[in-house]
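Please study the sequence and the structure shown below. This briefing concerns the aromatic rings and their surroundings.

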Amino acid sequence: MENEFELIAKTFMGLEPVLAKELTQLGANNVVVGRRMVTFTGNKEMMYRANFSLHTAIKILKPIQRFKAQSADDVYEGIKEIDWSEYLDNNSTFAVDAVVFSEEFRHSKFVSYKVKDAIVDQFKERTGGRPNISVANPDLRLHIHIADVAPGKSECTLCLDSSGESLHRRGYRQESVEAPLNEVLAAGMILLTGWQGDTDFIDPMCGSGTLLIEAALIARNMAPGLFRKEYAFEKWPDFDAELFDQIYNDESKEREFKHHIYGYDIDMKAVNTARLNIKAAGLTADITVEQQDFKDFQQPKEKSILVCNPPYGERISTPDLLGTYRMIGERLKHQFLNNDAWILSYREECFDQIGLKPSIKIPVYNGSLECEFRKYQIFDGKLKNFRSEGGSIKTDEEKHQMAEKHRFKKNREFKQRLDEQEENENNDIRSFTFHRHDLESRPTRESRQSRESRNPKESREFRESREYRESRKPRDYRDAKNNRGGHERFDRSGGKRNKRFNHDDE
């Protein structure tokens, strides 16, 4: 059997336990929950399956080197110790992504440039040539993570990025609406409810249909990677195309879905967009989408679960935000009896307007917003009478979770704005960074700029990096983008698919 190696699955804050459970069910070993990640071990097949099958992973990284560093020169030397001929040649292209949590290394791009310099210099010394940088579609993607472990000392972890484009980009989204829900977050929300397709599923504010499609994939236990054009590992020198074909065409774990999924939205444009995306995913038999205002929602005929992501008044505005949440509470109370509803939102004042007692509150991040995912068990009559008849709005597990100390931050700020908001809204782990809330103890952008202006050596070192100078030159990425293509595959009926799912990128 092929030797196992360490792997890291990245995810959003709050979804780590769900991702760990997915990995365990997939057969991964040594699964350990971290912060915005889960580490595990597995062989090449497990790495392929993790990329292809996990609903709540954003990236699958393969660590290849760890070392301590006190300066940029230490990073350069640590990278140069690796024999890069195992991964690249002079005709290859590569890109480097850096995530930095360090007082010594304050520029993630500068770290990326030092890594690139070390690789290029090694090739020049050995061969006289060099591999090139390609941001759009490189042959090899590298990820370096630097974090302080002691004063003046940082730990560097260099990984191969086996995923490439963020795994939330499934490939089925043809069109979008304003502020679409991230696919990984949508899947995580559904898995947090415990729903596995055992009842009907309803999203009364479905937008472009992300929750509906992710629910259908979970109900049928279909791999979200079915729609993707490619993964980064397909360009690695040791890529096993036959093994990945077996994984891609294996439908033995898929199951029958005997219930139905319903989506509604007041906006007909959103309804049409959702229908288009559902058709692209091949799930029209499982999902029905209709135009309807939530205020006209009626009691479903079958046992159902409702999962909803209403507007927060952030990226999507609404004339009467609090009134919308009052309406949601009223509809649930009178037209969703004996069922469970799950609501994701951002503002405490919005939750207050629902007027129902949640059985559990789960903190999750939607982009840069620290949200809560709340469960409401809808029953007929008053809570006092419901309890007197032996009813309970909390399971023993939910009581245990809600009793945990420090479940939420004290005095957390709902309206905090981050300097990197634009990047965070892209929901792409390559640029996604969660920032600490203790802003007073952390240097602000202004103070860092002031400190850098007092330290010309530091800023000059950054500006004089060779790759930084090259990055300032105008480039034309159109050829690289247009030549992406798709990997040749065989579909399940045995017919050859020239390029799987060759519709345009999102």
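In this predicted model, Phe294 and Phe297 are both buried, where buried means under 20% relative accessible area, exposed over 50% and partly exposed in between (1.4 Å probe, protein chains only). Local features require pLDDT of at least 70 and side-chain atom pairs count only at pLDDT 80 or more, while totals for chains, interfaces and linings use all residues. Residues are numbered from 1 along each chain as its sequence is written, and side-chain values use heavy atoms, with hydrogens and water left out.

**Aromatic pairs**

- Rings of Phe, Tyr and Trp (its six-membered ring) pair if their centres lie within 6.5 Å; planes under 30 degrees apart count as stacked, over 60 as edge-to-face and the rest as tilted.
- The count by this rule is 18 aromatic pairs.
- One of them joins Phe233 and Phe244 edge-to-face, with 5.2 Å from centre to centre and 85° between the planes.
- This pair links distant parts of the chain, 11 residues apart: Phe233 is in the loop between helix 6 (210–219) and helix 7 (241–249), and Phe244 is in helix 7. Helices (H or I, at least four residues) are DSSP runs, numbered from the N terminus.
- Phe233 counts as buried because its relative accessibility is 1%, and Phe244 counts as buried because its value is 0%.
- The ring centres of Phe294 and Phe297 lie 5.7 Å apart with planes at 80°, so this pair is edge-to-face.

**Cluster of rings**

- Tyr48, Phe52, Tyr231, Phe233, Phe239, Phe244 and Tyr248 are linked into a cluster by ring pairs.

**Charges over rings**

- A charge sits over a ring if NZ of Lys or CZ of Arg is within 6 Å of the ring centre and within 35 degrees of the ring normal.
- Lys62 lies over the face of Phe5, 4.2 Å from the ring centre.
- The charged end of Lys333 sits over the ring of Phe379, at 4.9 Å from its centre.

Technical notes. Helix = DSSP H or I, 4+ residues; strand = E, 2+ residues; numbered from the N terminus.
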